[in-house]
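Dear colleague,

Please find below the structure that I was asked to pass on to you. My notes on it follow directly after.

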Amino acid sequence: MRAALLQGPPGPARARFWRSPLRGPWLTSVFGVVLLAGIAVVFTTGLLSYAAYNPDLAAVNDTTPDKGLLGFYLFDWPTSPYWLYRLTQGLHVTLGVVLVPVLLAKLWSVIPKLFTWPPVRSAAHALERISLLLLVGGAVFQFATGLLNVQLTYLFPGSFYPLHFYGAWVFISALVVHVALRMRVVVAALGRRRAGRAGEPPAAAHPSPGGSGTGLEATRPAPPTLSRRGALGLVGLGSLTLFAVTAGQSIGGPLRVTALLAPRGRGPGPGPNGFQVNKTTAAVGISASDIGPDWRLTVRGDGGERVFSRPELLEMAQFSAALPIACVEGWSTTDQQWSGIRLADLAALVDAAADDGRAPGVMVESVQQEGAFRAAALRANQVRDPRSLLALRVNGADLSADHGFPARVIVPANPGVHNTKWVERLTFGGLT
């Protein structure tokens with residue numbers, strides 16, 4: 001009992017349990033610096049992804065209605081450059097996947113700290129332990145939910161969007177506390193490396209018993225089978241491999257065939273409509289009669305309401321725009337050639353105008369009756385962009401049913417789920 005109280009219970013709580021000669025402040029610091037830089041980019045692009053949904057525009061856009069002060073940074077999402085969302089979300093998902101080996105290596109390097117005995121030594125130590133628990137738990141939760149969402153595997157309870165959003169803030173808060181508490185150790189560890197010889201980091205082959213006092217180095221190290229540089233190389237190779245089988249889904253072109261982890265296929269199919277599809281008619285319960293000859297588009301505004309059949313829409317002035325579709329899951333298409341009617345022209349047909357006399361925002365509603373994102377609100381700047389269309393055709397052919405026939409919205413730099421398909425109603429102005 002006395003030994004257990006002084007040294008900890010048998011097993012991982014005792015320092016002698018951990019024998020790897022690779023663990024130490026230098027290796028942990030290197031992994032930590034790489035993660036810190038990468039997570040800063042992932043967090044920033046994640047916030048941009050949320051802003052792209054224009055959640056403060058209308059309730060149908062807001063996936064986290066109880067965000068409160070966490071939405072302090074929101075701004076009007078722009079339409080230029082037209083590939084903006086494709087870039088930010090592709091970077092968010094690709095870098096998140098690439099960082100997985102680094103995260104696992106970092107957790108491996110600090111795992112003895114999770115079993116420190118006694119668990120709490122002081123108030124400062126208690127704060128560090130709590131931040132460490134939130135940090136590790138938050139990192140595992142964020143990366144796990146992100147990877148599951150990318151692979152369309154929804155095993156978590158509730159909606160992905162609020163879970164991932166709130167989880168990100170918990171994780172980042174814990175990370176800030178942890179960095180503030182440990183930055184001095186990181187700087188000192190990397191400084192000792194710079195001051196040492198140009199070869200292997202200090203104590204790589206012959207760590208000193210007791211180590212540096214950080215609790216990371218083994219007190220009874222086993223013979224080394226891999227150098228620390230070799231460990232870094234192994235982790236780097238893992239990250240490069242994940243990049244090679246992931247990035248193509250966002251970059252496109254010849255690299256798309258290398259995207260083995262792409263959830264929507266690695267290459268385009270045959271024909272003008274042979275690019276990736278997110279939601280199919282079968283998946284959302286749309287029948288042939290819903291989008292058949294009896295389909296009508298209702299357009300509402302200050303000047304009243306007008307109803308159009310698809311042939312009537314095709315008789316109007318048609319415009320073209322080359323735009324991609326980019327999804328929150330990280331995949332995107334190359335630029336597709338869309339043709340249809342400008343949203344601003346449809347607003348003018350019902351005399352819809354904002355206070356400045358220009359086209360206002362619009363509520364877009366789909367034939368789809370159930371499921372998420374069957375309606376979306378677009379800002380005035382999105383409606384006014386001449387590339388924003390109610391698309392009727394793509395790449396010279398009619399839209400396929402799965403791509404939104406009879407009509408869909410396509411807006412530059414817009415998240416894919418807000419480019420509403422199977423549109424049946426456009427209501428200009430009056431967004432709340």
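This is a predicted model: local features need pLDDT of at least 70, side-chain atom pairs count only at pLDDT 80 or more; totals for chains, interfaces and linings use all residues.

The C-alpha trace spans about 85 × 45 × 40 Å along its principal axes, and 47% of the 432 residues count as buried.

Helix 4 covers residues 100-114. From its first C-alpha to its last, this helix of 15 residues reaches 20 Å, close to the 21 Å expected at 1.5 Å a residue. A bend of about 40° occurs at Trp108, and the proline Pro112 follows within four residues. Pro112 is also among the buried residues of helix 4, which include Val100, Pro101, Leu103 and Lys106.

Strand 5 (residues 362-366) and strand 6 run antiparallel and are joined by four bridges. Glu365 has Ala375 of strand 6 as its bridge partner. Within strand 6 (residues 375-378), Ala375 and Ala377 point one way, while Ala376 and Leu378 point the other way; all are buried.

On the surface, Leu36, Met183 and Val187 form a nonpolar patch, and together they have about 220 Å² of accessible area. Val187 belongs to helix 6, residues 160-195.

With kind regards

Methods: Residues are numbered from 1 along each chain as its sequence is written. Side-chain values use heavy atoms; hydrogens and water are left out. Patches are made of residues with over 30% relative accessible area and no salt bridge: like charges are joined within 9 Å, nonpolar side chains (Val, Leu, Ile, Met, Phe, Trp, Tyr) within 5 Å. Accessible areas come from the Shrake-Rupley method with a 1.4 Å probe; for residues, only the protein chains shown count as cover. A salt bridge is a side-chain nitrogen of Lys or Arg within 4 Å of a carboxyl oxygen of Asp or Glu. Helices (H or I, at least four residues) and strands (E, at least two) are DSSP runs, numbered from the N terminus. Buried means under 20% relative accessible area, exposed over 50%, partly exposed in between (1.4 Å probe, protein chains only). Two strands pair if DSSP finds at least two bridges between them. The expected span of a helix is 1.5 Å times one less than its number of residues. The bend at a residue is the angle between axes fitted to the seven residues ending there and the seven starting there.
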